[in-house]
Amino acid sequence: MAEATPKQLYVGVDLGGTKILAGVFTSALKLVATAKSSTKADRGPKVVIERIARVIRDAVDEADLDLKQIKAVGIGAPGSINSEEGRVIFSPNMSGWEDINLRRDLEKEIDVPVFVENDCNVCTLGVHFAELSGKPRHVVGIFLGTGIGSGLILNGTLFSGFNRTAGEIGHMVLEVGGPKCGCGNKGCFEALASRTAIFRRIENLVKDGQKTVLTDMLGDNLDDLRSGDLRKAIKKGDKLVEKVIEDAAEYTGIAVGNIINLINPEYIVLGGGVIDALEDEMMSIIVETAKDYAMPGTFKGVEIVASKLGDHAGITGAAVLAREHSKT
Ligand SMILES: [Zn+2]
């Protein structure tokens with residue numbers, strides 16, 4: 001990378017509750033190097049910000065570069081974010097993150113301009129620019145992982161809403177009186193189709209005495225269950241896992257149908273650990289169900305696709321965020 005023009009490089013950071021991932025990107029979004037670390041969120045914001053700085057330095061060092069060659073750093077952070085000021089207003093899964101000026105505190109550590117945005121918004125930016133060439137005007141990204149979140153690009157720009165909380169699709173109620181959600185409501189999309197919800201349902205069915213090859217693979221209490229194990233079980237003809245995944249895909253399709261009716265985007269892109277692991281098993285059900293729920297005329301030409309960025313959606317989008325902001 002010695003030939004790279006100075007200041008045409010960006011660092012994208014994906015700040016998660018358990019892991020920090022950083023990537024160094026060229027202005028054409030080519031990934032040059034990565035570094036990662038655990039978050040240690042329980043130690044509070046000051047320690048986490050120091051760890052973010054360290055991961056950024058590690059990624060830059062891995063690319064044989066110096067921080068002085070980095071034009072800007074973008075960060076996707078969980079929770080509600082004031083992106084103009086780079087402040088984390090509230091982050092439910094990170095202890096002590098209330099009104100933390102992440103931009104100011106991190107700029108003090110690394111002396112490079114920092115831009116902050118909500119993690120699902122950032123992943124949607126990554127999909128929009130790296131997978132869709134930044135062209136479609138209206139894109140919705142939906143991410144199924146531990147929880148479920150989304151990002152909205154409307155008229156070519158991120159839509160944050162009045163209180164900067166838009167995109168909480170995980171708490172759209174899809175089953176009145178359904179399973180309890182972490183938010184306190186019942187029957188939220190997240191309580192029906194997130195990894196947490198899928199695992200919980202399988203564990204409950206096993207406790208009720210139903211049979212699955214997962215217990216042969218992992219033992220009776222299903223310790224260390226991962227999304228990839230579900231794909232393996234379905235491939236082995238496991239009916240219990242197949243049914244649970246079909247139901248999760250159907251709920252996702254209903255959510256997608258609702259979004260098409262409400263917003264009528266050109267693209268709906270699905271991502272996150274659940275989709276990464278179970279794309280083949282879920283996507284056709286999602287598309288067919290969405291078609292059933294979309295109003296006549298709204299579905300024509302709308303693309304529903306799975307993101308191929310996987311784990312790199314967050315860092316790619318964060319690099320896009322840094323690049324877009326530092327243009328001006
Ligand atoms: Zn909820």
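Helix α8 (residues 239–263) has 25 residues and spans 36 Å from its first C-alpha to its last, close to the 36 Å expected at 1.5 Å a residue. The expected span is 1.5 Å times one less than the number of residues in the helix. This is a predicted model: local features need pLDDT of at least 70, side-chain atom pairs count only at pLDDT 80 or more, and totals for chains, interfaces and linings use all residues. Residues are numbered from 1 along each chain as its sequence is written.

**Overall build**

- The protein chain holds 10 helices and 13 strands; helices (H or I, at least four residues) and strands (E, at least two) are DSSP runs, numbered from the N terminus.
- The radius of gyration of the protein chain is 20 Å, close to the 20 Å that the globule rule gives for 328 residues, so the chain is as compact as a globular protein of that length. This radius is taken over C-alpha atoms, and the globule rule is 2.2 Å times the number of residues to the power 0.38.
- The C-alpha trace of the protein chain spans about 60 × 50 × 35 Å along its principal axes.
- After α8 comes Asn-264, which has a positive phi, near 55°.

**The five-stranded sheet**

- Five strands make an open sheet in the order β3-β2-β1-β4-β8, with mixed pairing; two strands pair if DSSP finds at least two bridges between them.
- β3 and β8 (114–118) stand at the edges with a single partner strand each, so one side of each has no neighbour in the sheet.
- From one strand to the next, the twist averages 20°. Axes are lines fitted to C-alpha atoms, for helices over the stretch in contact, and angles run from 0 to 180 degrees between N-to-C directions.
- Strand β1 (residues 9–15) runs antiparallel to β2 and is joined to it by seven bridges. Gly-12 has Gly-23 in β2 as its bridge partner.
- Strand β2 (residues 19–26) and strand β3 (residues 31–38) are also antiparallel, joined by seven bridges. Val-24 stands opposite Ala-33 in β3.
- The hairpin of β2 and β3 has four residues between the strands, and Leu-29 in this hairpin takes a positive phi near 65°.

**Helices on the five-stranded sheet**

- Helix α3 (residues 119–131) lies across β1, β4 (70–77) and β8, and runs at about 100° to β8. Two residues are in contact if their C-beta atoms, placed from the backbone, lie within 7 Å.
- Helix α10 (residues 313–327) lies across β1, β2, β4 and β8, and its direction is at about 130° to β1.

**The three-stranded sheet**

- A second open sheet has the order β5-β6-β7, with antiparallel pairing.
- β5 and β7 (98–101) are its edge strands, each pairing on one side only.
- Neighbouring strands of this sheet are turned by 20° against each other on average, direction ignored.
- Three bridges pair β5 with strand β6 (residues 87–90) in the antiparallel sense, and Ile-81 stands opposite Val-88 in β6.
- Helix α2 (residues 102–110) packs on the sheet and touches β6 and β7; the direction of α2 makes about 35° with that of β7.

**The two domains**

- The assignment gives domain 1 (9–126 + 312–327) and domain 2 (134–307); the bounds come from an automatic or database domain assignment.
- The C-alpha centres of domain 1 and domain 2 are 26 Å apart.
- Nine residues of domain 1 are in contact with 13 residues of domain 2.
- On the side of domain 1 that touches domain 2, β5 (80–82) and α3 each supply at least two residues, and α3 gives the largest share, five residues.
- That side of domain 1 has five nonpolar, four polar and no charged residues. Ala, Val, Leu, Ile, Met, Phe, Trp, Tyr, Cys and Pro count as nonpolar, Asp, Glu, Lys and Arg as charged, and the others, Gly among them, as polar.
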